[in-house]
Amino acid sequence: KTVAAPESLGPYKTDFGTLTMRRSGDRVSGTYPHKEGRLEGTLSGNTLTGRWTQSNGKGRLIFRFNADFSGFTGVWSYGDAAPDRQWNGRR
């Protein structure tokens, strides 16, 4: 059973440090410590599609949350390339 996404997502321990996100409607924004990281995206069901920005670059991301939003499996890429690098998180 899928639960509605909470307004506060995380904090998650991820491959790039602790990620905390806030949801407003279907819009999600978040921050993480790796190179002043920020992300913005759109949540559809349990899938977040968006972009990340850091002091050293930017790119795309896709996170698939588990049913209770306690964690996610994700992929990311630089620029506009198709995301294929691992970015996973767990509470």
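How many aromatic pairs does a search of the whole structure find? I ran that search and it came to 12. For this count, rings of Phe, Tyr and Trp (its six-membered ring) pair if their centres lie within 6.5 Å; planes under 30 degrees apart are stacked, over 60 edge-to-face, and the rest tilted.

**Ground rules**

I am working with a predicted model, in which local features need pLDDT of at least 70 and side-chain atom pairs count only at pLDDT 80 or more, while totals for chains, interfaces and linings use all residues. I number residues from 1 along each chain as its sequence is written, and my side-chain values use heavy atoms, with hydrogens and water left out.

I call a residue buried under 20% relative accessible area, exposed over 50%, and partly exposed in between (1.4 Å probe, protein chains only).

**Entry 1: the aromatic rings**

I started with Trp52 and Trp76. Their ring centres are 5.6 Å apart and their planes stand at 80°, so I logged the pair as edge-to-face. Trp52 is in strand S5 and Trp76 in strand S7, 24 residues apart, so to speak a link between distant parts of the chain.

Tyr78 has 43% relative accessibility and counts as partly exposed.

**Entry 2: strand pairing**

Which way do S5 and S6 run? They run antiparallel, joined by 8 bridges. I count two strands as paired if DSSP finds at least two bridges between them. A hairpin of 2 residues takes the chain from S5 to S6, and Leu48 stands opposite Phe63 in S6.

I checked S6 against S7 as well, and found 7 bridges in an antiparallel arrangement. Here Leu61 has Trp76 in S7 as its bridge partner. I also noted a general point for reading strands: in a regular strand, side chains alternate between the two faces of the sheet.

Where is the cis peptide bond? I found it from Gly10 to Pro11, with omega near 0°. Pro11 belongs to strand S1 (residues 8-14).

Glu36 sits in the loop between strand S3 (27-32) and strand S4 (37-44), and is exposed at a relative accessible area of 64%.

Phe69 also has a positive phi, about 60°, and is not a glycine either. Phe69 lies in the loop between strand S6 (57-65) and strand S7 (71-78), in a hairpin with 5 residues between the strands. Phe69 is buried, with a relative accessible area of 0%.

**Entry 3: the nonpolar core**

Which residues have the most contacts inside the largest nonpolar core? I listed Met21, Leu39, Leu48, Leu61, Phe63, Phe65 and Trp87, in a core of 19 residues. S1, S2, S3, S4, S5, S6 and S7 each supply at least two residues of this core, and the largest share, 3 residues, comes from S6. My rule for a nonpolar core is a set of buried Ala, Val, Leu, Ile, Met, Phe, Trp, Tyr and Cys residues joined through side-chain atoms within 4.5 Å.

I also looked up the contacts of Phe65 (heavy atoms within 4.5 Å). Leaving aside neighbours within four places in sequence, Phe65 touches Leu9, Tyr12, Met21, Leu43, Asn46, Leu48, Gly71 and Phe72.

**Entry 4: salt bridges**

Side chains of opposite charge can pair when their charged atoms come close. How many salt bridges are there? I get 2, taking a side-chain nitrogen of Lys or Arg within 4 Å of a carboxyl oxygen of Asp or Glu.

One is between Asp80 and Arg51, whose closest N and O atoms are 2.7 Å apart. Asp80 lies in the loop between S7 and strand S8 (85-86) and Arg51 in strand S5 (residues 47-54), so the pair ties together parts 29 residues apart in sequence. Asp80 counts as exposed at 60% relative accessibility, whereas Arg51 counts as partly exposed at 42%.

Arg22 also forms a salt bridge, with Glu7, at 3.9 Å between the closest N and O atoms. This pair links distant parts of the chain, Arg22 in strand S2 (residues 17-24) and Glu7 in the segment before S1, 15 residues apart. I have Arg22 down as partly exposed, with a relative accessible area of 47%.

How values were computed
Helix = DSSP H or I, 4+ residues; strand = E, 2+ residues; numbered from the N terminus.
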